[in-house]
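Please look over the sequence and the model before reading on.

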Amino acid sequence: MSDDMLRRKKLDIDNDEDIEAWPLDDDNPEFDFDFIDSDEAVQSRELPLVILAEIVIMPRMTVPPLQVGQGKSYSAMEQAWEENREVLLIFVHEDELEGYRSNQAQQLPPIGVIAKLEEFIKLPDGTAHVILEGVHRARLHQVMQFHPFYRVRCAPIHDPEIKGMEVQALMETVKQQVDEFVDLLGEVPQEAVAFVHRIDKPGYLADIVTWGPAFEFKDRLDILNTLEPTERLRKAYLILARQLELLKLRQKIQQDTKEVLDQSQREYFLREQMRVIRRELGEDEESDDPIDEMRRKIAELQAPDYVKEQALHEVKRLAQQGMNSPEAGVIRTYLDWIVNLPWADEEFPEISITEAQQILDTDHYGLEKVKERILEYLAVRKLAGNKMRSPILCFVGPPGVGKTSLGRSIARALGRQFVRTSLGGVRDEAEIRGHRRTYIGALPGRILQGMKTAKSKSPVYMMDEIDKVGTDFRGDPTSALLEVLDPEQNNTFSDHYLEIPYDLSKVIFIATANQLEPIPGPLRDRMEIIEIGGYTEDEKLEIARGFLAPKQREFHGLLEEQLSISDEAIMKLIREYSREAGVRNLERELASLCRKVARKVATASDDSVAHNDNAEGTADTGALHFKIDEADIPTYLGPERFTFGLAEERDEVGVATGVTWTPAGGDILSIEVLPVRGKGSLQLTGQLGDVMRESAQAAMSYARSRAEQMGIDPNYFEEHVFHIHVPEGEVPKEGPSAGITLTTALISAMTGRPVRRDVAMTGEVTLRGKVLGIGGLKEKTLAAHRAGIRTFILPKENAKDIVDLPDKVRHDLKLIPVSSMEEVLKIALGNS
Ligand code: ADP
């Protein structure tokens, strides 16, 4: 090294303030002139400067090939390649690069690395492929040239020799850190680790470890700029320590997450298995989270938006309050209701009237008029669709006449679901509309309960016993019912529990009642009344033979060959085992008969030999045949239940035959009057209600007023007490219709003229002897017919109903409409 160079170096140092390009950063403590030794000055040299962005090449380190584009650094390296292949590398941030390139940079970093250019291969695209190897840390002294590339004067910096316990310890620690890193990261070649372990210079160790992944650009730059080796190593140590800590933490997190994941994977796996097992067992698959399950169900619900909104609102409440909150049960019940009510609109095929007729005929015997009206109703529905307010059908008639089964047939003909709800005993509006949810145990009203059962938004909905709806202080259910039945209002039916409107407009309502009179007027006006009276014995026989017996036989798994019931046997069941207008008890008796036979058949198949009096055939149960005749009935069903009224055997004085109406049909009723000596007027015994007593009074007054006319001594009344008795039998309805019968018995008793035994009568009587109309003519005539009566006296007002009577009744009975008591007496006491 020449003296001149040395001088210049000294000069440079002395005049550092004069050198613009010199990075005189006083804040940079690393830039310490104390480290410049004389050796450095001696080794000073001029080199092309290469600026690298975001990368630091440490001394004694080769880096993978770099791609260098055209520019100052390219030119510098091109030049170096020509010379001794040495360059000074300085390292900058990417964003500083532009400044240096365009000569704008006034401050170059003070410390760089002298590097050897191992390769410089120009590529066709104008870039070059470069391999550099760091040689010395170097200090930049002076910029000699700016253009076309920087040429600088610089000198290598050699680390001073440092020994001592502390630095030894530090080196050991750093090497341990390296080991730890390798443990944690793996994938580091053993030779590299061994190489690090062999290093015995702190500065060198620091430089080497920066190549590890723990160091970022700024860390490496910091290490590079730190000239004091111990300090440099300490910095490396700190960075490594921090990175190790981070790495361990990250690993711990990973480990924890993995554990959590493993756990949840395990759970998932187990749940999957459980689901499969459940499915195999045919159990419902239920989601584990009831709230999610609810949300899913609501999402799937085919319901209007307002319903879903309300439901989701409740789910939110449930989620907020928690499944264990006291309210949760209430909310869940509510949500269950919403989810289980039918909301979806349904399409139905067009009604076929012919098919409907077939269905009605297959299910029911007779009832021609009723069927006709039902078909008319269906026809109107078919043509007018929903445009017309179709009236609500109301079947009125005694139990067991087929009201429910007609409803079922209508549903079948329309292809709809069938539901029924009994309104019997409903006194409270809340039973129709439900209770508000604030009440404990609140539920929707009967209407919506029926809808839930129907599982369809448009079922045939039968409301039974509409005549038994009552009114009291708790409110009037009638108005709620009116809303239900009103097509103008029922598309937004409000139930107190549900709170949101429910559309009932697609429902086909049918009402049933036993009696017409008790049905509240406004309700009656809304409905089309179809009356179904009782059946005659012959009709019952037909029904039993053609419908009930085959139905029950099939129901009990019996073949036609296994059981036959003779007509006489059925007749016995009708007469002595059931007393009713309809056929419900008859069906029950037939069922019980079938049950008994089924048992015998089943037992016979056990024994494989049949021992039965009624059974024909032997071992093969298929060939076993039970023929049930009249005489067999008591052995199967026990002794007869009823004896029904029959006409008296001969004409008697003071005994007249009336007929009564009961919900179970009609029956005849003998009224006896016996005059006994004594003071007073009337004495009544037997089962007489108040109305009957009044009737008796009226009869008495009429008899007295006509006494003279009929040749009775007026004193007769003063000397006699009239004992009136209604013998056992059906409890007479509190009706005035026994009026003419009472009067006839009374007058017969007074006059001693016998009443014709084959005459039965019904009618109310006024004080002046006018005969007024009555109800239940069909049941009454049926009872009279059954009892063997020949002549039937009825009020003239009821003459119009005669056409509705069964043919057999009209044919067998002489029906005589009357308007006055005189006419009655003329007929009833006619023989004398
Ligand atoms: P209601 O509803 O009027 O009390 P149901 O409809 O329950 O009477 O009738 C009782 C039983 O009698 C049912 O099994 C029904 O099918 C049967 N039934 C009633 N009337 C007839 C009929 N005309 N033809 C055939 N079966 C009938």
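The model is predicted. Side chains of opposite charge can pair when their charged atoms come close. In this model the count of salt bridges comes to 46, and a few of them show how such pairs are placed.

Begin with helix H9, which covers residues 229-281. Here Arg234 and Glu231 meet in a salt bridge, with 3.5 Å from N to O. Buried means under 20% and exposed means over 50%, so a value in between counts as partly exposed.

Asp256 is partly exposed, at 33% relative accessibility.

Now move to helix H10, residues 290-300, where Glu293 and Arg296 lie three residues apart. Their side chains meet in a salt bridge of 2.9 Å, N to O. Is Glu293 buried or exposed? Its relative accessible area is 12%, so Glu293 is buried. Arg296, at 38%, counts as partly exposed.

Salt bridges can also be linked to one another. A network of them joins Glu314, Arg317, Glu327, Arg437 and Glu499.

Some charged residues belong to a surface patch instead. Glu54, Glu94, Asp95 and Glu96 form a patch that is negative. One of these residues, Glu94, is in helix H4, which runs over residues 94-101.

The last topic is the aromatic rings. A pair of aromatic rings is described by the distance of the centres and the angle of the planes. The model has nine aromatic pairs. In one of them, Phe146 and Tyr150, the ring centres are 5.8 Å apart and the planes stand at 65°; planes over 60 degrees apart count as edge-to-face, so this pair is edge-to-face. Phe146 is partly exposed, with a relative accessible area of 39%, whereas Tyr150 is buried, with 1%. Elsewhere, ring pairs link Tyr74, Trp81 and Phe120 into a cluster.

How values were computed: Residues are numbered from 1 along each chain as its sequence is written. This is a predicted model: local features need pLDDT of at least 70, side-chain atom pairs count only at pLDDT 80 or more; totals for chains, interfaces and linings use all residues. Side-chain values use heavy atoms; hydrogens and water are left out. Patches are made of residues with over 30% relative accessible area and no salt bridge: like charges are joined within 9 Å, nonpolar side chains (Val, Leu, Ile, Met, Phe, Trp, Tyr) within 5 Å. Accessible areas come from the Shrake-Rupley method with a 1.4 Å probe; for residues, only the protein chains shown count as cover. A salt bridge is a side-chain nitrogen of Lys or Arg within 4 Å of a carboxyl oxygen of Asp or Glu. Lys and Arg count as positive and Asp and Glu as negative; His and the chain ends are not counted. The place of a charge is taken as NZ of Lys, CZ of Arg, CG of Asp or CD of Glu. Helices (H or I, at least four residues) and strands (E, at least two) are DSSP runs, numbered from the N terminus. Rings of Phe, Tyr and Trp (its six-membered ring) pair if their centres lie within 6.5 Å; planes under 30 degrees apart count as stacked, over 60 as edge-to-face and the rest as tilted. Buried means under 20% relative accessible area, exposed over 50%, partly exposed in between (1.4 Å probe, protein chains only).
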